[in-house]
Amino acid sequence: MSPKNHRPVVPRRSFIFAPGLKPEMYPKALASGADIVCVELEDGIAPKDKDAARHNAMALFAEPQADDGVERIVRINSLREAFGVSDVQAVLATDTPPPALMLPKVRTPDEIVWLDNLLTERGHDTRLHIIIETNAGLEAVHDIARASPRIDALFFGGVDMAAELRCQNAWGPLLYARSRVVHAAASIGVDAIDVPFLDLEDPEGMEREARLALDLGFSGKGSIHPKQIQILNGVFTPDQARVDHARRVIQAFEEADTGLVVIDGKLIEKPVLREMHRVLAIFERVSA
C-alpha cells in the first residue's frame, strides 16, 4: 500500500490501446505484456463507428475478467461532447462497468466531479485516469487531480498539448508541461504516465525519451505497438541496484527511528521513504 494515500501500488510501466471497433484484438492486447490495456472509443474511432465501438466495449466487460495483473481501462470521449455523454450513459446503464475510465481533454475539475457523482449514485466503483492535454487542463491540473478520490493516474497528452501550446512536439518544448503533470500527480500520490513515442522505427529514441520521463518522475509511458512494450517495461522496472538501495534505506530508518540517516556518506531524509516503498512494491509485483 502507498504510505501516503493508501492506494495500492501497482506497476503502470506501459500501456497500449485496443480499438473498441475490433474486440478480437482485445485478447492480443492483454497478452502483449503491457501493464495497462485501454479499449479505445475516442480518437481512434470514426464518428460513424462510435455506437458500434461503445457497444463492443461494454460487451467485453460483461464477461468475467481474468486476474492476470493487467489493468483494464476504457478511454471514453470528452465529457464536453455528445459522444462522451453517450459513453457515460452506457457505463451507467450496465451492471458490469469497466474497472476504470480514461477521460481525455479534461479542462476543469467540474467534469470529474460530475462523473464521480453519477458513478457514486449508480453504485459503480469505476476508477478514473485523467489525460492532461489541453492548455486549460494544464492550468488547472492541481485542482483536477484533487477533484475525485477515484483518480489513480494522470496521463500526459503531448500531441494535443503541443498543438494547443503552438510548440514543437519534442521533449524540450514540452518539458514545462510534463513537469506540471508530474508535480500534480506526486502531490496526491498517484502515477504520472507519459505520452507514447510515435516513431516505431526509432527504438533507441523511444528508450532515451522513456529514461528522461523516468528521471522526471513518470511511472510509465504509452506505446503504439506491442514491440515497444518490452523496452518500456525494462526502463520503468527498478533494477537490482535500485531495489537494494531502497531496502537499505528502509532498514536504516527502521533501525534509527529518526527523521534522517546517512548511507554511503549521503544524508537521506524521511520523505524519501515513500519512494523507496514504491520501488519495492513495483519490483515485488513485477517479480511475482
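## An exposed loop residue

Arg166 is exposed, with a relative accessible area of 79%, where exposed stands for over 50% relative accessible area, buried for under 20% and partly exposed for the range in between, using a 1.4 Å probe and protein chains only. Arg166 sits in the loop between α7 (158-165) and α8 (175-188), and its phi is near 60 degrees, a positive value in a residue other than glycine. Most residues other than glycine have a negative phi. Another residue other than glycine with a positive phi is Lys105, at a value near 55 degrees, and Lys105 is placed in the loop between β4 (100-103) and α4 (109-122).

## Basis of the model

This is a predicted model, in which local features need pLDDT of at least 70 and side-chain atom pairs count only at pLDDT 80 or more, while totals for chains, interfaces and linings use all residues. Residues are numbered from 1 along each chain as its sequence is written, and side-chain values use heavy atoms, with hydrogens and water left out.

## Overall fold and surface

The protein has 12 helices and 10 strands, the helices being DSSP runs of H or I with at least four residues and the strands runs of E with at least two, numbered from the N terminus. For 288 residues a compact globule would have a radius of gyration near 19 Å, and the protein agrees with this, having 19 Å; the radius is taken over C-alpha atoms, and the globule rule is 2.2 Å times the number of residues to the power 0.38. Along the principal axes, the C-alpha atoms fill a box of roughly 65 × 40 × 35 Å.

Buried residues account for 51% of the 288 residues. Of the contacts (heavy atoms within 4.5 Å) between residues at least 6 apart in sequence, 70% join residues at least 24 apart. The protein exposes about 13700 Å², of which carbon and sulfur atoms supply 53%, with areas computed by the Shrake-Rupley method and a 1.4 Å probe.

## Buried loop positions

Ala34 lies in the loop between α1 (26-30) and β2 (36-40) and counts as buried at 3% relative accessibility. Leaving aside neighbours within four places in sequence, Ala34 is in contact with Ser14, Phe15, Ile16, Val70 and Ile229. Ala34 and Pro109 are 75 residues apart along the chain, and their C-alpha atoms are separated by 29 Å.

Val70, in the loop between α2 (50-60) and β3 (71-75), likewise counts as buried, at 14% relative accessibility. When residues up to four places away in sequence are not counted, Val70 touches Leu30, Ala34, Asp35 and Val37. Ser78 is found in the loop between β3 and α3 (82-93) and is buried at 4% relative accessibility; beyond its neighbours within four places in sequence, Ser78 is in contact with Gly84, Val85, Pro104 and Lys105.

## Cysteines and disulfides

How many disulfides does a search of the whole structure find? The search finds 0, a disulfide being counted as a pair of cysteine sulfur atoms within 2.5 Å. Cys38 is buried, with a relative accessible area of 0%, whereas Cys167 is partly exposed, with a relative accessible area of 24%.
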